[in-house]
Amino acid sequence: MKDFIALLSEPLREVSAHFARFFPNVLAMLIIIAAGIVAAFIIRRALLKLLEAIRFNSWSDRKGLTASMRKWNLWTDPAGAVVSFIYWILLIMVFMAGFSALKIPAIDNLVAQFVLYIPRIVSAVLILALGYIVTGFVGWAVVISAVNRGYHFARLFADAVRIFLIVLFIAMALEQLQVAPGIVVAAFTIIFGGVVLALAIAFGVGGIDAAKRIIERETKNGSDKGDVEHI
Amino acid sequence: MTDFHQTGIITTLHNLGKSSLERLEEELKAFVRLRPVALVLPALYSEFEGPAMPGIVKELAKVGYLKEVVLILDAAAEKDFQRVREFMSPVANVKVIHNDGKRIKDIYAAFARNHLEVGQRGKGRSVWLASGYVLARGLSDVIVLHDCDIVTYSREMLARLCYPVVNPNLNFVFCKGFYSRVTDRMHGRVTRLLVTPLLRSLDSLFPGEFPFLKFLDSFRYLLSGEFAMVTDLARVNRIPWDWGLEVGSLAEVYRNFSPLRVCQVDIATTYEHKHQALSAGDPGKGLMRMTVDICKAIFRTMASEGAVFSDGLFKSLSVAYLRRAEDTIMKYEADAAINGLFFDRNGEAEAVDAFTKAIAIAARVYMEDPLATPLIPNWNRVTSAIPGILDMLTRAVEEDNR
């Protein structure tokens with residue numbers, strides 16, 4: 001009978017021993033998360049006050065950051081958006097730190113992976129930001145250049161260049177984030193290759209006469225130039 | 001049929017009885033290829049529940065020469081906005097700006113944080129924002145505006161209002177509509193009994209010194225809400241956000257253009273819209289508030305032209321005004337008698353008493369703070385302060401109308 005009672009109580013003892021070992025970890029996690037949330041909230045308020053004090057919203061309005069946000073259909077004030085972004089990053093970090101206090105290997109791995117992933121996120125954001133600036137600059141350069149050369153489809157041409165650059169930079173960002181990298185690279189290669197092939201065929205088949213005229217004109221201009229120089 | 005007499009220093013285009021809507025619209029269709037037209041409609045949601053708006057929409061649906069119609073909706077919840085979009089759907093190329101929508105509120109927040117005082121909610125601010133949207137789209141060269149409470153609306157009003165500015169051979173940059181507000185009696189008390197006597201009294205106190213007074217007095221119905229203008233004017237105009245909108249707009253037109261390029265056109269034989277209560281006891285409501293704002297706008301514009309006001313001058317003005325207004329009542333009494341119209345002489349005298357008080361209030365406010373001007377900054381200044389604002393405004397309206 002005693003053996004039977006021991007058989008019953010042994011698992012319970014083991015569970016309570018496990019719980020006694022695990023409980024401080026849970027408590028640590030709860031304390032870290034609670035303190036972290038409070039800290040994140042305070043940082044959020046302080047950051048918001050700081051951005052208001054330096055008139056970040058007004059600066060964003062003047063520098064076009066607000067207009068860029070509206071283009072992406074973000075209808076909040078720039079300071080609020082920046083502060084919310086930082087707040088959520090802090091919250092994620094707080095939860096990661098809290099969960100790591102549990103000392104569970106699977107969660108530790110997850111946290112480690114997340115930490116290693118942060119540089120990739122930063123790179124992707126930088127690529128998108130750079131891409132936005134480059135796309136705008138190149139788009140306008142193409143419009144101005146094409147209009148000055150008298151092309152009728154200047155805006156259409158510029159839009160096509162813009163779309164191409166947007167696709168390129170999004171593909172680069174996704175590749176950096178390792179989001180289905182094989183598919184992204186393959187899709188980009190297929191699309192880019194397809195466009196180039198289509199243009200080559202269009203120009204090659206449809207523009208034989210135009211190409212011939214251009215080459216002939218260039219040749220003629222070259223020979224005329226030679227004559228003038230000779231005279 | 002009216003007479004063909006030209007009054008004042010601007011051009012008056014009469015309705016001489018030979019107008020043909022079909023001819024006007026055909027000509028306009030040809031002219032708008034050179035000068036595309038945007039129609040701006042400032043409206044309250046309550047006006048969609050009244051009798052005027054169904055008729056206006058029915059008529060506008062038949063108009064084929066407008067490049068765009070911009071309705072700016074005030075005092076409307078989100079579901080009201082969606083109802084209005086549905087209501088306006090028979091009209092081609094229409095966009096509705098939701099003044100109380102999240103995105104437009106964000107635009108107003110951007111103005112506020114950049115210290116651009118765009119004033120309180122009202123027709124002036126709505127018209128200004130809608131003009132900004134027209135400028136942002138860059139599709140139109142002419143902006144036409146009329147109220148949304150016209151019960152007797154016909155598209156001939158719109159055609160006649162557009163025509164002088166849209167016709168490239170006529171060289172007008174601004175055109176104001178006029179009409180007689182007569183049913184079984186004469187309406188338009190503020191114009192008849194306040195503005196005209198006040199302008200003439202001021203002219204008698206500053207004889208010949210301010211051509212601006214002659215300019216204002218040239219308009220047959222200075223307070224009419226219907227006008228057409230070139231979009232350039234919308235870019236440089238600084239308009240008041242309060243009831244001084246009409247006077248303030250005309251002051252800007254006078255400042256920027258020769259009177260030779262300004263006209264007024266007879267747009268309707270009958271015109272009926274909602275009437276406001278006098279509210280003689282409360283200067284913050286009804287016609288009293290309107291008259292105080294109008295008087296302030298006149299005083300401030302004159303001061304900007306160099307007029308020096310003093311307490312003594314304002315006392316003389318009140319007396320001079322009262323005399324002229326009483327004389328005016330007698331003129332209108334005679335006019336009513338010969339036309340068989342009802343004439344409430346006592347009501348008219350009460351209105352004049354109330355307007356005299358309004359002049360005194362406006363004078364006091366002006367003397368306390370002559371620089372407290374309710375003018376909204378012009379769009380050139382706004383785009384200088386916030387370079388991307390026109391893009392933001394376009395995006396807000398496009399998203400709201402998606």
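Reader: In chain A of this predicted model, what share of the contacts between residues at least 6 apart in sequence join residues at least 24 apart?

Author: Two residues are in contact if their C-beta atoms, placed from the backbone, lie within 7 Å. Among the contacts in chain A between residues at least 6 apart, the share joining residues at least 24 apart is 60%.

Reader: What conventions apply to numbering and confidence?

Author: Residues are numbered from 1 along each chain as its sequence is written, while chains are lettered from A and ligands numbered from 1 in the order in which they are written. The model is predicted: local features need pLDDT of at least 70, side-chain atom pairs count only at pLDDT 80 or more, and totals for chains, interfaces and linings use all residues.

Reader: How many helices and strands does chain A have?

Author: Helices (H or I, at least four residues) and strands (E, at least two) are DSSP runs, numbered from the N terminus. The elements of chain A run α-α-α-α-α-α-α-α from the N terminus on. The count is eight helices and zero strands.

Reader: Why is chain A said to be more spread out than a compact globule?

Author: The globule rule is 2.2 Å times the number of residues to the power 0.38, and the radius of gyration is taken over C-alpha atoms. For 231 residues the rule gives 17 Å, so chain A is more spread out than a compact globule, with a radius of gyration of 31 Å.

Reader: Which element gives the largest share of the side of chain B that touches chain A?

Author: The contact takes 14 residues from chain B and twelve residues from chain A. On the chain B side, the elements giving two or more residues are helix 15 (389-400) and helix 4 (102-113). The largest share, six residues, comes from helix 4 of chain B.
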